[in-house]
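Subject: Structure for you to look at

Hello,

Here is the structure I said I would pass on. Please open it first and then read my notes below with it on the screen.

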Amino acid sequence: MCSYASPPPLDATPLPEPGVPTRRSRPALSPSRAMDFKQCPLKYRLRAIDRVPEPPTRNAVRGTVVHAVLEDLYGLPAAERGPDRADALAVPALTRVTAERPEIGELITAADQDKFLGEVRALVRTYYRLEDPTGFEPESREARVEVELADGVLLRGFVDRIDVAPTGQLRVVDYKTGRSPGTKRETRALFQLKFYALMMLRTRGIVPAQLRLIYLADEQILTYAPDEEELVRFERTLAALWAAIREAGRTGDFPPNPSWLCTYCDYKPLCPEFGGSTPAYPGWPDEALGESPEEVLAEAVAD
């Protein structure tokens with residue numbers, strides 16, 4: 001395996017200030033939004049266009065806090081990145097996340113906080129059995145990356161960590177607080193990895209040497225080494241997917257696609273398949289407000 005050093009930080013688009021709306025020229029395609037459309041066009045519409053809020057879940061909040069701990073950990077000098085210091089980062093990470101989304105305080109109550117923090121610390125301790133955070137310096141942490149493809153498709157992704165070797169080789173790392181995918185979910189994981197690899201190719205002009213998904217719940221690492229020809233084919237796949245999304249956006253036709261995943265969907269009350277009433281289509285947001293802090297947190301963890 002390559003040894004990794006720390007060149008200058010990635011020039012990524014900054015996150016919006018909490019409470020201060022920013023403008024973006026048009027919607028973008030991210031791994032999570034792409035999978036939403038493939039899974040259920042109506043779900044995509046309600047999330048990406050209508051922006052119907054979803055209540056936070058305990059698992060999602062735990063994932064957000066674990067990501068925050070690991071981000072803060074790599075902000076420390078390498079010698080200070082021991083497990084005990086990581087444990088100490090859990091409380092300020094939860095405090096910061098709760099400040100950004102006050103409704104989390106109703107989900108993680110004071111009486112439940114110690115148990116919740118114990119779950120966070122257990123996942124972070126698992127991380128130490130998979131990587132040694134004292135052995136290298138990452139180039140970037142929790143980077144928001146955007147790139148426009150030649151045919152006008154705007155890609156957006158949140159990359160947990162980018163490492164660069166002295167040879168210039170890239171390693172892209174994403175933390176997952178759930179379990180590693182079974183056969184049915186491997187396609188989704190591979191889709192996300194290819195998406196990241198393509199963004200690195202188009203922003204930096206090189207194919208990453210390795211992409212790594214680290215699953216903390218069952219201590220598994222999924223790795224992928226792409227090649228440029230494969231990524232060019234994948235780029236065409238994304239272009240076709242985006243064309244389908246834009247056509248749906250033009251017509252307003254985002255049909256539901258019932259499946260076993262509906263069991264876990266928060267939008268069932270708005271879905272006609274479950275007797276719900278879908279709101280009137282608001283139209284394609286060619287000029288829309290930038291993501292709220294809630295959307296940034298949700299998308300960063302989803303990706």
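Phe191 has a relative accessibility of 10%, so it counts as buried (buried means under 20% relative accessible area, exposed over 50%, and partly exposed in between, with a 1.4 Å probe and protein chains only). This is a predicted model, in which local features need pLDDT of at least 70 and side-chain atom pairs count only at pLDDT 80 or more, while totals for chains, interfaces and linings use all residues. Residues are numbered from 1 along each chain as its sequence is written, and side-chain values use heavy atoms, with hydrogens and water left out.

Phe191 is part of helix H8, residues 186-204 (helices are DSSP runs of H or I with at least four residues, strands are runs of E with at least two, and both are numbered from the N terminus). Which residues does Phe191 contact, leaving aside its neighbours within four places in sequence? They are Pro31, Ala34, Met35, Lys38, Phe234 and Leu238, where contact means heavy atoms within 4.5 Å. For Ala34, the separation from Phe191 is 157 residues in sequence but 9.4 Å in space, C-alpha to C-alpha.

Next, the aromatic rings. A pair of aromatic rings is described by the distance of the centres and the angle of the planes. The structure has 11 aromatic pairs (rings of Phe, Tyr and Trp, the last by its six-membered ring, pair if their centres lie within 6.5 Å; planes under 30 degrees apart count as stacked, over 60 as edge-to-face and the rest as tilted). Tyr127 and Tyr175 have ring centres 5.7 Å apart and planes at 85°, so this pair is edge-to-face. Since Tyr127 lies in helix H7 (residues 113-128) and Tyr175 in strand E4 (residues 170-176), the pair ties together parts that are 48 residues apart in sequence. Tyr127 and Tyr175 are both buried.

Phe191 and Phe234 also form an edge-to-face pair, because their ring centres are 5.2 Å apart and their planes are at 75°. Phe191 is in helix H8 and Phe234 in helix H9 (residues 228-251), so the pair ties together parts that are 43 residues apart in sequence. Phe234 has 7% relative accessibility and therefore counts as buried. Elsewhere, ring pairs link Phe37, Tyr44, Phe254 and Tyr281 into a cluster.

Some rings have a charge over them (NZ of Lys or CZ of Arg within 6 Å of the ring centre and within 35 degrees of the ring normal). Arg171 lies over the face of Phe136, 5.4 Å from the ring centre. Lys268 has its charged end over the ring of Phe274, at 5.5 Å from the centre.

Last, the salt bridges. How many are there? The count is 26, taking a salt bridge as a side-chain nitrogen of Lys or Arg within 4 Å of a carboxyl oxygen of Asp or Glu. Arg33 and Asp36 form one of them, with the closest N and O atoms 2.8 Å apart. Both residues lie in helix H1 (residues 31-39), three residues apart, which is about one turn of the helix, and both are buried.

Glu139 and Arg204 form another, at 2.6 Å between the closest N and O atoms. Glu139 lies in the loop between H7 and strand E2 (140-148) and Arg204 in helix H8, so the pair ties together parts that are 65 residues apart in sequence. Glu139 is buried, at 10% relative accessible area, whereas Arg204 is partly exposed at 26% relative accessibility. Finally, salt bridges with shared partners join Glu131, Arg161, Asp163, Arg171 and Arg212 into one network.

Regards
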